[in-house]
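Hi there,

Here is the structure I promised to pass on to you. Have a look at it first, and then read my notes below.

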Amino acid sequence: MKALAVAIGLVSVAAAGAAAAEPPPGAAACSGCHPASSRVTSPVPRLAGMDRGAIARAMHDFRAGTRAGTVMDRIAKGFTDAEIDAIAAWFAAQR
Amino acid sequence: MKPGRRQFLKLGLSASAALFPRIARGQPAARVVVVGGGFAGASCARALRQLDPRIGVTLVEANPTFTACPFSNAVIAGLRELSAQQFGYARVAADGIAVARATATAVDPAARSVTLADGARLPYDRLVLAPGIDIRWGALPGYDEAAAREMPHAWKAGDQTLLLRQQLEAMPDGGLVVISAPANPFRCPPGPYERASLVAHYLKTNKPRSKLIVLDAKDAFSKQRLFQAAWAELYPGLLEWVPLSKGGNVTSVEPATRTLVTDFARHRAAVANVIPPQKAGHIAEAAGVADKTGWCPIDPITFESAREPGIHVIGDAAIAGAMPKSAFAANAQAKVCAAAIAKLLAGVTPSVPKLINTCYSLVAPDYGISIAGVYAPAGGQLADVPGSGGVSPATAPRATRAAEAALAEAWFGTVTGEVFG
């Protein structure tokens, strides 16, 4: 019984680890245009390692229409404040 | 190492051994087979390896190189070479993915195995089908594989793309070109109209006395107002769009004379591009994951088939609700599907995803327009997130259109680099 409890504990630790590594909702799609691979060069900026506040601010400005975009103005409108924060934090933590 | 930690690890090992018996035997955590090496399949295979290198991934693909459809309309118009569309699988294999150059012919969902054309069987714990489209031969009377050699569809990039280009190049000035567009759903909703635009550009530049007619089985299409405004500006008198309500529906074709027949007229073309009705790639039907529409219903969180557990369907073959059948969508779905599979294999509930699509179309080499969308599961389907998405502005300076044309090219470089580079 004790072993089972430990086993369950381990599963939740593993799950937490997987959740930390996993991109938050929406983030995986960004690399359709923003390169993730270091082998790809593009005029569209790489997000990995970018400042968390700068990513969040850009998304908020695109969403509010105070920053001109070609597609980001339309895409940012699909994300909540919490989602933007999670995406910004995740990219900031990437290398 | 502290005794407490050692104790923990020892317990941990026995717990893992019980939960993941394969790891204890030193074998891969699980086997995932991916069928189809396009924007969906190749991306999913690589994402799986990145998420969990213990997962053994096999990618089944019949072709030694992938030929991309996005930008293939520029090849048809002589603006680009087909080689710029082609990508190998060396980098995919370098990720530790077993690339099997073979055709998958059958799936046994009960035994969880895929059968290849040579009879070999690949066992799987999870199967991903990313077969793209097949032409629905015979759905349009007169249009079969032989007819496609006279009246190319060019809706799978490769030889068909080059055939259509060669026919346009061989056509004398003053010829009639006809493109027929199918009813929804089909691969790349704005594709026929981008193609019409770039063919019109080719004709305007090289054969200005020619005429292009688009016969459409629909009354409305993607980015319609933007396309039509650009056509009026760039190709007046050259390009004519005939909607369903004006007799645009093609009811049969006669390849011997390159004639397209509607309820109202017969159009005898010098060059005829028939974009025919489509369905999910054959293996989807063979696996039993396609429904009577010919496409594959899926769970919007995991992309697992609604018909066969353990089989996931991504890309053009899937019924992905509001998401269009585009390369961008396929790539976004692949990553969500890979994350869901990694979690399912670990016994963890997958997260609710959010997906994005962006599709650029070229109306001329320096004139791009786009549509974008954001999607989330709602009511058992992938639905538009309210208030998001939409098309390029109806009025914009040519500099904006030129910037979008450049971004289209940048997108292609990025997505192909991410998936194949």
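Let's start where the two chains meet: the contact takes 40 residues from chain B and 31 residues from chain A (two residues are in contact if their C-beta atoms, placed from the backbone, lie within 7 Å). On the side of chain B that touches chain A, α12(B) gives the most, with 10 residues (helices are DSSP runs of H or I with at least four residues, strands are E runs of at least two, and both are numbered from the N terminus).

A word on the source: this is a predicted model, in which local features need pLDDT of at least 70, side-chain atom pairs count only at pLDDT 80 or more, and totals for chains, interfaces and linings use all residues. Residues are numbered from 1 along each chain as its sequence is written, while chains are lettered from A and ligands numbered from 1 in the order in which they are written.

Now for the inside. The largest nonpolar core has 157 residues, and Cys44(B) and Leu129(B) have the most contacts inside it. (Such a core is a set of buried Ala, Val, Leu, Ile, Met, Phe, Trp, Tyr and Cys residues joined through C-beta atoms within 7 Å; buried means that 20 or more other C-beta atoms lie within 10 Å of a residue's own, also placed from the backbone.) Helix α11(B) gives the most to this core, with 14 residues. Among the residues that Leu129(B) touches are Val35(B), Ile283(B) and Val313(B).

Happy exploring!

Terms used
Buried ≥ 20, exposed ≤ 12 C-beta atoms within 10 Å, placed from the backbone. Lists of a residue's contacts leave out its neighbours within four places in sequence.
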